[in-house]
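Colleague: I would like to learn how to read the features of a model such as this one, term by term. Could we begin with the charged side chains and then turn to the sheet and the core?

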Amino acid sequence: MQEESSAHTKWDCTYHIVFIPKYRRKVLYGECRAEIRDVIKWLLEMYKLELVEGSVCVDHIHISIRIPPKYAVSKVMGLLKGKSAMMVLFPLVMTMYLTFS
């Protein structure tokens, strides 16, 4: 247990979060698995959040992250899921668009 401190408080807010693809489809394997892992690490680094541990399984993602009390967990998860989905799917959408146009 590692406590952080801000102006008048000490905190240790570690959250274990699991997020799942729609209908729990088994789509997180191979190249997609590595890409999602890198994207999540990059996003957490960009927003200065600490990744305690994490794993990408075939049908879900486990992450344990330290979120400061000034950020809501729901906002952080919305940001992670939204940005990671855009970063993973945008190249695929662009290749499909260029192929069919």
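Modeller: A salt bridge here is a side-chain nitrogen of Lys or Arg within 4 Å of a carboxyl oxygen of Asp or Glu. Before applying this, note that the model is predicted, that local features need pLDDT of at least 70 and side-chain atom pairs pLDDT 80 or more, whereas totals for chains, interfaces and linings use all residues. Residues are numbered from 1 along each chain as its sequence is written, and side-chain values use heavy atoms, with hydrogens and water left out.

Colleague: How many salt bridges does that rule give, and which side chain meets Glu50 in one of them?

Modeller: The count comes to 4 salt bridges, and in one of them the side chains of Arg66 and Glu50 meet, at 3.1 Å from N to O. Elements are DSSP runs numbered from the N terminus, with helices (H or I) of at least four residues and strands (E) of at least two. Because Arg66 lies in strand E5 and Glu50 in strand E4, this pair ties together parts that are 16 residues apart in sequence.

Colleague: Is Arg66 buried or exposed?

Modeller: Buried means under 20% relative accessible area, exposed over 50%, and partly exposed in between, with a 1.4 Å probe and protein chains only. Arg66 has a relative accessible area of 6%, so it is buried, while Asp12 at 30% counts as partly exposed, as does Glu50 at 36%.

Colleague: Where in the chain are the partners of the Lys26 and Asp59 salt bridge?

Modeller: The closest N and O atoms of Lys26 and Asp59 are 3.8 Å apart. Lys26 sits in the loop between E3 and H1, and Asp59 in the loop between E4 and E5, 33 residues away. Lys26 counts as exposed at 56% relative accessibility, whereas Asp59 counts as buried at 12%.

Colleague: In what order do the strands of the open sheet lie?

Modeller: Strands of a sheet pair through backbone hydrogen bonds, either parallel or antiparallel. Here two strands are taken to pair if DSSP finds at least two bridges between them. In this model 3 strands form an open sheet in the order E3-E5-E4, with antiparallel pairing. E3 and E4 stand at the edges with a single partner strand each, so one side of each is left without a neighbour in the sheet. E4 (residues 50-56) and E5 are joined by 6 bridges, and they form a hairpin with 4 residues between them. Within this pairing, Gly54 has Ile63 as its bridge partner in E5, and Ser55 has His62.

Colleague: Which strands does H1 lie across?

Modeller: Axes are lines fitted to C-alpha atoms, for helices over the stretch in contact (heavy atoms within 4.5 Å). Angles run from 0 to 180 degrees between N-to-C directions. H1 lies across E3, E4 and E5, running at about 165° to E4.

Colleague: Which residues touch the most other members of the largest nonpolar core?

Modeller: A nonpolar core is a set of buried Ala, Val, Leu, Ile, Met, Phe, Trp, Tyr and Cys residues joined through side-chain atoms within 4.5 Å. The largest one has 18 residues, of which Phe19, Ile61, Ile63, Ile65 and Leu80 touch the most other members. The elements giving two or more residues to this core are strand E3 (14-19), helix H1 (31-46), strand E5 (61-66) and helix H2 (73-100); H1 gives the most, with 5 residues. Leaving aside neighbours within four places in sequence, Phe19 is in contact with Ile40, His60, Ile61, Ile63, Met77 and Lys81.

Colleague: How many disulfides does the model have?

Modeller: A disulfide is a pair of cysteine sulfur atoms within 2.5 Å, and the count comes to 0. For Cys57, the nearest cysteine sulfur is that of Cys32, 13 Å away. Cys57 counts as partly exposed at 23% relative accessibility, whereas Cys13 is buried at 18%.
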